[in-house]
Amino acid sequence: MTDAMSLGRSTSGEADAPLPRPTGGPAIAQRSAAPAAARSVPAFRGLRAVLANRKARIALMILVPIRVLTALLPWLPLQAPLQTNLRAMMKPPSFTFPFGTDRMGRDVLSRTLEGVKVSLFVGFSVAFISLVFGIVLGTVSGFFGKVVDRAIMTVVDIFLAFPSLLLAIGLVSIVGTGLVPVIMAIALADIPRFIRLQRSLVLGLRSRAYIDAARTVRASQWWLLSRHVVPNTIASLLVAASIAAANAILVEASLSFLGLGIMPPEPSLGNLIRDGQTYLEQAWWISTLPGVVILAIAISLHFLSDGIREVLDPRSRK
Amino acid sequence: MLAFVLKKFAQLFVTTLGVVTLVFFTLRLIPGDAASAMAGDSLSGEALERLREQMGLTQPLMTQYATYLKSLLVLDFGQTITTGLSVYDLMKSALPITLLIALSTIVITVVAAIPLGTLAAFMAHKGRKGLDNLITGTAMVLDLMPSFWTGLVFLLFFSLTLRWFPASGDVDMSDPFSVLHRLALPVLVLAVTQIATMARITRTAVLEVLGEDYIRTARSLGWSELRVLFRHALKNAALPIVTVIGLSFGSLLNGTVIVEFIFNIPGIGSLLVNGINSRDYQMVQNLIIFYALIFVTINFATDIIYRKLDPRVTF
């Protein structure tokens, strides 16, 4: 990240230079290792192109401050998340308690921020795990085909037969509640979708001319996959991954809300909202305000995904 | 067409068998079997052993699997571990409620979302961005609202503040008015998300079609805009819309679990959540399989309808 930023400064003189080839096509495959060419390292060019996109910028302008606030939580002038305060029970939102307090006088805002930290962790872990498994199994399935493909796709179809939240519920009932089991359950429900996506991307690439060209010069399978096939699917996978992160955050919140996800005292936006459900009539703020934060995060992640897509495929811009 | 249906049916069969097998063997991986879950701490080693034998848990795994498949075929879902009630009876009384919620949501969604999406597409096509942006923007926000949160907000507003609908109480299926009164809010909560999703898809599908030559031809023939829009554009945009109705059934099933929990409705979703909380694997196992079955059957139907609408489709 810091590299990318210093890079941004050192090349700011060329800000008006034409944008890098936005297709994420073969450009990424021609990664150059020479440090002299660092400013044109495609990954960084891609990052700059994404930052130049309006939707992606809006998304980051919401996500980054939220993440920074959660990191600064101990130093903010807020009551600690677990601290009870019997003199301020069920107080409506005010200057001292921007989101109000709950039945035990705990500060809803600091609890929400604590929950956001967990949500973002769940979102990114699930996206990362699904991405890794999706790339490996999807590439194998799409590139090698035949029996392996059949086997993998049969299993994928079986997993896709369950509605996603219900599969996560079923898995959680087996692996138990808590942060790690929830991440595993949601990821397991997501991986088949990524395998499918990666498989179809690889199938589309397999007959491209530059793959044939590489084959003609007797490139090894490994070279083909690591240099030409996988790099050209990463961009589309990132679009899907940022939606998967938003989805994972919503599923985790739903599970915790049902009492099947992350259990108190471990904070989570879902169980925070569940806590407030009992007092909905007397203290509406406990349940509703954390929900607004979930919504903001989900919308930002979708904007980010739209942003990445627009950079990849300028035609999709309206 | 028949060959196509048969092929799809064979796939449906394989997937269903896979689902049942997966659930059966996964549940056998849990530490502590059904007998110890059922007995809790109340039984000693010897009595527990006897119970195990009674439940057939001492037989070889494959025998148990075969017995299980046979019992599923005759709709014998066994008894709940905790209360000893027949799972089949419980499901029979809960299913109509859940189905009613799901089906009314679909009807409301189709009636509201297709005109809205078509309107947005029409406005976008005419270059009048204002209304289009309003509809698409609202749809995006509504689409991403977690349904449990929407549920609570609606509960707060319509039940607790305005007092229009009760927040809990029995669902008496023989009294249509009480059913309507009780299920209106949950259906509304689900419909909000579903309408948002489908309106967005409809907009994209219709907008794409509006640029086609045959639409220009229809206009040049002097047909009215409305006729062009609904007779020509919407008809050709029907394929993606049908697919989405089928696919969104999954998220609809997810949603019924949530709204049944929030509004205390005794449907299949409540059975599931209660089953998990009381560690009633017999119940959970059957319910999860049941949800998967509904979902694959709907997908099967979608494939068939898709093929019927577009004979060019080969799978």
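**Helix packing and chain contacts in a predicted two-chain model**

In this predicted model, helix H4 (residues 54–72) of chain A packs against H5(A) at an angle of about 120°, and their axes lie 9 Å apart. Here axes are lines fitted to C-alpha atoms, for helices over the stretch in contact, and angles run from 0 to 180 degrees between N-to-C directions. Helices (H or I, at least four residues) and strands (E, at least two) are DSSP runs numbered from the N terminus. H4(A) and H5(A) make a left-handed crossing, a term used when the near helix is turned anticlockwise from the far one by less than a right angle, with right-handed for clockwise. From H4(A), the contact draws on A:Ile66, A:Arg67, A:Leu69 and A:Thr70, and from H5(A) on A:Leu113, A:Val116, A:Lys117 and A:Leu120. Two residues are in contact if their C-beta atoms, placed from the backbone, lie within 7 Å. By class, the residues where H4(A) meets H5(A) are 5 nonpolar, 1 polar and 2 charged; Ala, Val, Leu, Ile, Met, Phe, Trp, Tyr, Cys and Pro count as nonpolar, Asp, Glu, Lys and Arg as charged, and the others, Gly among them, as polar.

As the model is predicted, local features need pLDDT of at least 70 and side-chain atom pairs count only at pLDDT 80 or more, whereas totals for chains, interfaces and linings use all residues.

Helix H5 of chain A (residues 108–144) has 37 residues and should span 54 Å at 1.5 Å a residue, which agrees with the 52 Å between its end C-alpha atoms; the expected span is 1.5 Å times one less than the number of residues. H5(A) is mostly covered, with 26 of its 37 residues buried. A residue is buried if 20 or more other C-beta atoms lie within 10 Å of its own, exposed if 12 or fewer, and partly exposed in between, with C-beta atoms placed from the backbone. After H5(A) comes A:Gly145, which has a positive phi, near 60°.

Chain A as a whole contains 13 helices and 0 strands, and 46% of its 318 residues count as buried. Chain B also has 13 helices and 0 strands, and buried residues make up 37% of its 315 residues. The C-alpha atoms of chain B fill a box of roughly 85 × 55 × 35 Å along the principal axes.

Chain B is divided into domain 1 (2–73) and domain 2 (95–309), with bounds that come from an automatic or database domain assignment. Their C-alpha centres lie 34 Å apart. Between them, 12 residues of domain 1 of chain B are in contact with 13 residues of domain 2 of chain B. On the domain 1 side, H1(B) gives the most, with 10 residues.

Turning to the two chains together, 34 residues of chain B are in contact with 33 residues of chain A. On the side of chain B that touches chain A, H7(B) provides the largest share, 7 residues. That side of chain B has 28 nonpolar, 6 polar and no charged residues.

Key
Residues numbered from 1 in each chain as written. Chains lettered and ligands numbered in written order.
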